[in-house]
Number of protein chains: 2
Amino acid sequence: MGKNLTKRSEDYSKWYNELVVRADLAENSGVRGCMVIKPYGYAIWEKMQAALDKMFKETGHENAYFPIFIPKSYLSKEASHVEGFAKECAVVTHYRLKNAEDGSGIVVDETAKLEEELIVRPTSETIIWDTFRKWIQSYRDLPLLINQWANVVRWEMRTRLFLRTAEFLWQEGHTAHATEAEAIAEAETILDIYTKFAEAHMAVPVIRGTKTPGERFAGAIETYCIEALMQDGKALQAGTSHFLGQNFAKAFDVKFANKEGSQDYVWATSWGVSTRLMGALVMTHSDDNGLVLPPKLAPIQVVIVPIYKGLDQLEAISEKIEPFLKELRAKGISVKFDNRDTHKPGFKFNEYELKGVPVRLAIGQRDLENNTFEVARRDTLEKQTIPADRVVAHIEGLLEEIQENIYKRAEKYRDAHITEVDSYEDFKRVLEEKGGFISAHWDGSAETEERIKEETKATIRCIPLQPKNEAGTCVVTGKPSQFRVLFAKAY
Amino acid sequence: MGKNLTKRSEDYSKWYNELVVRADLAENSGVRGCMVIKPYGYAIWEKMQAALDKMFKETGHENAYFPIFIPKSYLSKEASHVEGFAKECAVVTHYRLKNAEDGSGIVVDETAKLEEELIVRPTSETIIWDTFRKWIQSYRDLPLLINQWANVVRWEMRTRLFLRTAEFLWQEGHTAHATEAEAIAEAETILDIYTKFAEAHMAVPVIRGTKTPGERFAGAIETYCIEALMQDGKALQAGTSHFLGQNFAKAFDVKFANKEGSQDYVWATSWGVSTRLMGALVMTHSDDNGLVLPPKLAPIQVVIVPIYKGLDQLEAISEKIEPFLKELRAKGISVKFDNRDTHKPGFKFNEYELKGVPVRLAIGQRDLENNTFEVARRDTLEKQTIPADRVVAHIEGLLEEIQENIYKRAEKYRDAHITEVDSYEDFKRVLEEKGGFISAHWDGSAETEERIKEETKATIRCIPLQPKNEAGTCVVTGKPSQFRVLFAKAY
């Protein structure tokens, strides 16, 4: 297996598409816009799910499951929500097929037409708030902290594996609270969880902020977000947490009796991350040799490749490494011994580099004689010869070091790509020549935001939390501004 | 909270429907036939998933994810599969909504009609085999052992929570093998896993067998199944594992180069269990007081209810139980201390009985003085006073005992409800008066099977594995038969 990947510098987009397929993460299916997540990719997603699910549960959230279908009329109930979501949707209109009368195959049975069309959920606020009405009567039923792991569908015209697919997997949290302050605190708690997950598990540094009104979730009062920066200088929104005010409670008539006994509308949040994170993971760390995975999310953390001639040597190596396999596994390290005799070591080295396995051990005849292992780390591609009695401790340290190193590398790149500009000319030049985040003054108007987007394709990624107070003037209109916001081209 | 459940003896079906809702397992949604799985019910499902997923992975299976949509034409490719599944399906015909011109809401955009309709998967053989074609070239790619956790939709006219819903959750395994023998061995391995899961985790005894041709999965050569018996004498199919021969490989042209270098079609299996198991769990063990859960699947295994007057007493109790909470949790036992001051102990006792919590501890002023706990077990409703220094060991033993006891109780009931009959008259009488499984000779013909079904509503649940060789004559036609098969009315 030669890697022969397109280089990032040649065509970043092509490099990404090739890598996702070649590293066995995902591929396109026979259904337009829908992907197949392959076992290796899904194993990474399962690790993401496990880490997030644990954090949600530790903060009092419970999982539940709501219907995949949403009656069309539900979507219309919240005025701004319908504008945002009732557009490119998969619409179920019939519930039966039948054999064609001419024997040509199966056709839709026109007599089995639904009275009201059903929409495959693009997000579940409406069906969930229709349910919450039955679950909430009094302040004693609050807060209600629900999460759902599910598939959702948004009909996208241009799709890319993980980044933009018609169907994707995600978690969506939906919570109900007695007070505005509690709901805002919840949205912020979730932003903290997303930040911690992105940085500590994915090793992806993020900028925390809020969206402008134009970029907010349809139906939200405030959208919190984390924004990451990819190696091509484009930003990627990695997670959002919405404070929804009482909009959905009012649309679905969800009231509760407060402690004083009077009726009040419930306060809400919703929040989600999706398989899009897989795209962010790939694009943040990987290189021209293939994936680079953070040890915490790598399905295989350590691979051992034997280098041998004949079955006798393989047997001697197998015997030698048996206690190491046990010891590593006992420490919770996921290790694979690749003893396939159908492929040569060089092929295997390539394959595990492509698949981003953090640590590779090789052991051959000379290592057996010297009681050593050759240890290679994927992030830097460095190799070292390590005495057998120190190899387990070395690997443990190395896994932590790689996790930290790739985070720091990404952080360094990100920090080097936040550029303050004070004129529209500089804005456009930096955007084209350097990319990354552009920190600029903005007059706060939707018109200016829209104009910049049209003229440069850059959007306001976020208004950073706790922005530095610094009076200035909008780079476009010259109107006064109190702080800088972050612009970028984005996925 | 008074329980006031309908009694099983009065109306079993009503008892079930009430219990599922009252115990917070699930409820109907605003979408016809689709349920909401509530947090308490979903927590049980998560425990089922975790146990099954572990067993699948230990036997070499990997998870993956395939599209929810299946192009209509795919369903037609395997002749018998299309007869079984291309009927009551949710059909997506359009991909856009728009605002109605008269301002009355949103309507389907007729210009956004799909060229080929998409079916929401009722099962995924077709889309998966379309993918397997790309994954399999040589014997080195086999076996391919894939599982998917997913939602599926089958349009059902009469639905019941968990037992029969338009959308349900399940796992579906799909495997590909180089030889017929390997594929059959795989189908049998999975039958063993399902059996072990049902009996050791759900505490539900099952009968293992194969289906008659008329009851087989559409497209299967052989369908293995496990059948359980509910307390109303009706059977419930709890899991199926199908040997599919080369049917799907031929339909989707999936060939591989064997070791000799010639091309051969791949051999296949598929297998699944669903949220239907939740229904089996409820109906096997529960009683007129509510749920009875096996400790291995109970979200809360132990609940502690304080009995106190005033905050001083509550504080004394809280202090007393703190070390016990820690010790139980350290042993991996899930324990809840219900110190809500908004509800009385009697209310809480009722609630946890209704929800099937296996062990309840109560502690009041006298227990504090005597250094004891009152320990109640849900399965028998027996109470004992246990000295504090023995309570942790007692609970550990009790959880195991309850798990075993409810299994034995169900097994005893099941064994007492397998009746051998040798005439059609006895068949009909036993079916009506006693219910359960009827073990009878059958001539092996589809006509007789169909006639019995029409006349009595009983179906052949399975041909038991390793049936006793015993010559006899069919209870209906008097034709010769080599062994008995099991009939029952079924869910």
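User: Which strand order does the open sheet of 11 strands in chain B have?
Analyst: The order is β3-β9-β10-β16-β13-β12-β11-β24-β27-β23-β22, and the pairing is mixed. Strands here are DSSP runs (E, at least two residues) and helices are runs of H or I with at least four residues, numbered from the N terminus. Two strands pair if DSSP finds at least two bridges between them.

User: And which strands stand at the edges?
Analyst: In chain B those are β3 (62-63) and β22 (418-420). Each has a single partner strand, so one side of each is left without a neighbour in the sheet.

User: Before I go on, what kind of model is this?
Analyst: This is a predicted model, where local features need pLDDT of at least 70, side-chain atom pairs count only at pLDDT 80 or more, and totals for chains, interfaces and linings use all residues. Residues are numbered from 1 along each chain as its sequence is written, while chains are lettered from A and ligands numbered from 1 in the order in which they are written.

User: What pLDDT does chain A average?
Analyst: Chain A averages 96, and 99% of the residues score at least 70. pLDDT is the predictor's confidence in each residue, from 0 to 100. For the complex, the predictor gives an ipTM of 0.96 and a pTM of 0.97.

User: Let's look at β12 in chain A. Is it buried or exposed?
Analyst: In strand β12 (residues 222-229) of chain A, 7 of the 8 residues are buried, so the strand is largely enclosed by the rest of the structure. Buried means 20 or more other C-beta atoms within 10 Å of a residue's own (exposed is 12 or fewer, partly exposed is in between, with C-beta atoms placed from the backbone).

User: What does β12(A) pair with?
Analyst: Strand β11 (residues 207-210) of chain A runs antiparallel to β12(A), joined by 4 bridges; there, R208(A) has I226(A) as its bridge partner. β12(A) and β13(A) make a hairpin with 5 residues between them, and G233(A) in the turn has a positive phi of about 85°.

User: Switching topic: how many residues of chain B are in contact with chain A?
Analyst: 52 residues of chain B are in contact with 52 residues of chain A; contact means C-beta atoms, placed from the backbone, within 7 Å. On the chain B side, strand β5 (residues 91-94) gives the largest share, 4 residues.

User: How does β5(B) pair with β5 of chain A?
Analyst: Strand β5 (residues 91-94) of chain A and β5(B) are antiparallel, over 3 bridges. V91(A) has H94(B) as its bridge partner.

User: So how are the two copies related?
Analyst: Chain B can be laid on chain A with an RMSD of 0.0 Å by a turn of 180° and a shift of 0.0 Å along the axis. The copies are thus related as by a two-fold rotation axis. The superposition is by least squares on C-alpha atoms of residues with pLDDT of at least 70 in both. V92(B) comes closest to the axis of the residues of chain B, at 2.1 Å (C-alpha).

User: Which surface do they meet through?
Analyst: 100% of the interface residues of chain B are also interface residues in chain A, so the copies meet through the same surface.

Definitions and conventions: Two residues are in contact if their C-beta atoms, placed from the backbone, lie within 7 Å.
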